[in-house]
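Reader: I have a protein chain to look at and would like to go through its side-chain contacts. Can you take me through them step by step?

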Amino acid sequence: MKIATFNVNSVKARLPRVLHWFEEAAPDVAVLQEIKCVDEAFPREAFEDLGYHVEVHGQKTYNGVAFLSKHPVEEVQRGLPGFEDEQSRYIEALVVPDEAEPVRVGGLYMPNGNPAPGPKWDYKLSFIEALTQHMEDRLAAEEAFLVAGDYNIIPDPTGVYDPDRWREDALFRPEARAALRRMLNLGYTSAVHALMAENYYTFWDYQGGAWKKNNGLQIDHLLLTPEAADRLEAAGVDTDVRDPEVGPSEAKPSDHVPVWVELS
DNA sequence: ATGGTAGCGTGGCTA
């Protein structure tokens, strides 16, 4: 079962490219971030035509997440439990395939947190606390569960093209790195980290020719409980999706690329 | 040198 995360940076502006990726990658489950539209405006039929169930936790203008599954889904949750949030940044559901074991999947769009310090940084820290608590609670259930998404955290210096320039940034500050480390120390496994030997990025800024210079960041992750990690067979990053020369020409690429795992 | 990119929505915020 293939499970993917993709920050699309507006699902409406990106639709031809997103659909093209869905047809090629054919994920069983995909979580999308920054859809930037309300539930009613989500292009539901386009994904249903490809065979997906569609669950949306949308928001006008900013943020917004979606959950797409070829298999039946149950227990859909919007937002983190116990965390009042005007911003739509988390969606979760239990995927119940006919011919595979169930897996619970969370779709995450972590606050950026810049500038730090400041109210946006404080919001990121409080969001991290709620997410970590939720991940701890889910871990205790001892079921196959993973949180896939845009964590907006660079794990270590190999995840950024110029670490020294990013020391004070909310994506790379010690507190952010410690937060991700704390999630891993609970018992979660970062799937791509575990299976890919070489360095990789998942985001390249639109500015400054970042793609051509390979000035990237590693900020999209999939964190798996032991019960999910036991089923981990493969993981990957669809880097080509960021290339303006590759794929449909009707739309520009997102600044993020899809990241995925295969579970048995 | 205080720009430079993209999306939303039509001025300025967010990333």
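Author: Start with a term. A residue is buried under 20% relative accessible area, exposed over 50%, and partly exposed in between. Note also that this is a predicted model.

Reader: By that rule, is Glu48 buried, exposed or partly exposed?
Author: Glu48 has a relative accessible area of 37%. Buried needs under 20% and exposed needs over 50%. Glu48 therefore counts as partly exposed.

Reader: Which residue forms a salt bridge with Glu48?
Author: Side chains of opposite charge can pair when their charged atoms come close. For Glu48, the closest N and O atoms of the bridge are 3.7 Å apart. The partner is Arg44.

Reader: How many residues apart are Glu75 and Arg104 in the chain?
Author: Their side chains meet in a salt bridge, 3.0 Å from N to O. Glu75 is in strand β5 and Arg104 in strand β7, so the pair links distant parts of the chain. The separation is 29 residues.

Reader: Is Arg104 buried or exposed?
Author: The cut-off for buried is under 20% relative accessible area. Arg104 has 6%, so the residue falls below that cut-off. Arg104 is buried.

Reader: How many salt bridges are there in the whole structure?
Author: Another one joins Arg167 and Asp164, with the closest N and O atoms 3.3 Å apart. Salt bridges that share partners also join Glu75, Arg104 and Glu143 into one network. The search of the whole structure finds 10.

Reader: Now the rings. How many aromatic pairs does the count give?
Author: A pair of aromatic rings is described by the distance of the centres and the angle of the planes. Rings pair if their centres lie within 6.5 Å. The count comes to 11.

Reader: Are the rings of Phe22 and Tyr52 stacked or edge-to-face?
Author: Their centres are 5.1 Å apart and their planes stand at 85 degrees. Planes over 60 degrees apart count as edge-to-face. So the pair is edge-to-face.

Reader: Which parts of the chain does this pair tie together?
Author: The two residues are 30 apart in sequence. Phe22 is in helix α1, and Tyr52 is in a loop, so the pair ties together helix α1 and the loop between α2 and β3.

Notes. Residues numbered from 1 in each chain as written. Chains lettered and ligands numbered in written order. Predicted model: local features only at pLDDT ≥ 70, side-chain atom pairs only at ≥ 80, totals over all residues. Heavy atoms only, no water. Phe/Tyr/Trp six-rings, centres within 6.5 Å; stacked < 30°, edge-to-face > 60°. Helix = DSSP H or I, 4+ residues; strand = E, 2+ residues; numbered from the N terminus. Salt bridge = Lys/Arg side-chain N within 4 Å of Asp/Glu carboxyl O. Buried < 20%, exposed > 50% of the residue type's maximum accessible area, 1.4 Å probe, protein only.
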